[in-house]
Amino acid sequence: MITSIQGTLGSASPLRAVIELNGFGYEVHIPVTTAEKLPPPGALVKLHTLVIYREDSQALYGFATPAERDFFRLMIEHVTGVGPKVALSIMSRLSLPLLESAIRLGDINTLAKCPGIGKKTAERLVVELKSKVGATDLPGSPVSGDAAAGTGSTSHRDAVAALVALGYRGADADESIRRAVLALGPSATTEALIKRALS
């Protein structure tokens, strides 16, 4: 099992990164939330990975933190109708703190707005994963040293909740706070994240 890959970032797009290692270029499928944290091409990068084997293919999926990788695995192993493509789409739309919060609270509307899933799949996510979330509820770690920012679960979640209370849609609030974390760093307080998002 390949649990991580570390090498030079050859190229990256919102859903794909190429990691160059020992003369090989490894294509890694990534969510947008991981792509946001990648360093510039040519820099050292480490991704936490999961290999998915199919009869006629194999694919490598990479994430900024072990917690994100483990949540991805939970979705594809425990939720009927959610394969790697749909799981990647969900994790591209919502950060892990917001995903776990939505599942714990049974927030079907937020989950159903993710591309590729409807109300029924959102309900299955809640039913199948509600008892399992929390095991992956760990603070995010950087993708690579000082080049990228991790996301602290508590401050991120609280900041998103505050924006939602101000009238933001859940996914929009989450995206604004993710950008604030990237700008201010993983140790930023909830208040600092909110101010940055509103500025």
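**A walk around the model**

Guide: Let's start at Ser 176, which sits in helix α8. Bear in mind that this is a predicted model.

Visitor: Is Ser 176 buried or exposed?
Guide: The cut-off for buried is under 20% relative accessible area. Ser 176 has a relative accessible area of 12%, so it is buried.

Visitor: Which residues does Ser 176 touch, not counting those up to four places away in sequence?
Guide: Contact here means heavy atoms within 4.5 Å. With residues up to four places away in sequence left out, Ser 176 touches Leu 163, Tyr 168 and Ala 197.

Visitor: What about Asp 174, is that one buried or exposed?
Guide: Asp 174 lies in helix α8, residues 170-184. Its relative accessibility is 0%, so Asp 174 counts as buried.

Visitor: Which residues is Asp 174 in contact with, leaving aside its neighbours within four places in sequence?
Guide: Again, heavy atoms within 4.5 Å make a contact. Leaving aside neighbours within four places in sequence, Asp 174 is in contact with Arg 93, Leu 94, Ser 95, Leu 98, His 156 and Val 160.

Visitor: His 156 is on that list. Where is His 156 placed, and is His 156 buried or exposed?
Guide: The place of His 156 is in helix α7. At 1% relative accessibility, against a cut-off of under 20%, His 156 comes out as buried.

Visitor: How many Å apart in space are His 156 and Ala 188, C-alpha to C-alpha?
Guide: In sequence, His 156 and Ala 188 are 32 residues apart. In space, C-alpha to C-alpha, the separation of His 156 and Ala 188 is 9.2 Å.

Visitor: On to Ile 194: which helix is it in, and is it buried or exposed?
Guide: Ile 194 belongs to helix α9, residues 190-198. Its relative accessible area is 17%, and under 20% is what buried takes, so Ile 194 is buried.

Visitor: Which residues line the largest pocket?
Guide: That pocket has a volume of about 180 Å³. The elements giving two or more residues to its lining are α4 (96-105) and α7 (153-165). The lining itself is Leu 98, Ser 101, Ala 102, Leu 105, Asp 107, Thr 110, Arg 157, Val 160, Ala 161, Val 164 and Gly 170.

Visitor: How many nonpolar, polar and charged residues are in that lining?
Guide: Gly is counted among the polar residues here. On that basis the lining of the largest pocket divides into 6 nonpolar, 3 polar and 2 charged.

Visitor: Now the aromatics. How are the rings of Tyr 61 and Phe 72 arranged?
Guide: A pair of aromatic rings is described by the distance of the centres and the angle of the planes. By the pairing rule there are 3 aromatic pairs. For Tyr 61 and Phe 72 the centres are 5.1 Å apart and the planes at 35 degrees, so the pair is tilted.

Visitor: Which residues form one aromatic cluster?
Guide: Phe 63 and Phe 72 also make a tilted pair, 4.9 Å centre to centre with 45 degrees between the planes. Both Phe 63 and Phe 72 are buried. The cluster is formed by Tyr 61, Phe 63 and Phe 72.

Visitor: Which residue has a positive phi although it is not a glycine, and is it buried or exposed?
Guide: Look in the loop between β2 (16-21) and β3 (24-29), where Asn 22 lies. Asn 22 has a positive phi of about 55 degrees. Its relative accessible area is 68%, and over 50% counts as exposed, so Asn 22 is exposed.

Visitor: Last one: how many helices and strands does the protein have?
Guide: Read along the sequence, the pattern is β-β-β-α-β-β-α-α-α-α-α-α-α-α. Of its 199 residues, 47% count as buried. The tally is 9 helices and 5 strands.

Notes:
Residues are numbered from 1 along each chain as its sequence is written. This is a predicted model: local features need pLDDT of at least 70, side-chain atom pairs count only at pLDDT 80 or more; totals for chains, interfaces and linings use all residues. Side-chain values use heavy atoms; hydrogens and water are left out. Helices (H or I, at least four residues) and strands (E, at least two) are DSSP runs, numbered from the N terminus. Buried means under 20% relative accessible area, exposed over 50%, partly exposed in between (1.4 Å probe, protein chains only). Rings of Phe, Tyr and Trp (its six-membered ring) pair if their centres lie within 6.5 Å; planes under 30 degrees apart count as stacked, over 60 as edge-to-face and the rest as tilted. On a 1 Å grid over the protein atoms alone, a cavity is a set of points where a 1.4 Å probe fits but cannot get out, and a pocket is an open set with protein on both sides within 12 Å along at least five of seven lines; lining residues have an atom within 4 Å of a point. Grid points are joined across faces, edges and corners, and a volume is the space filled by probe spheres set on the points.
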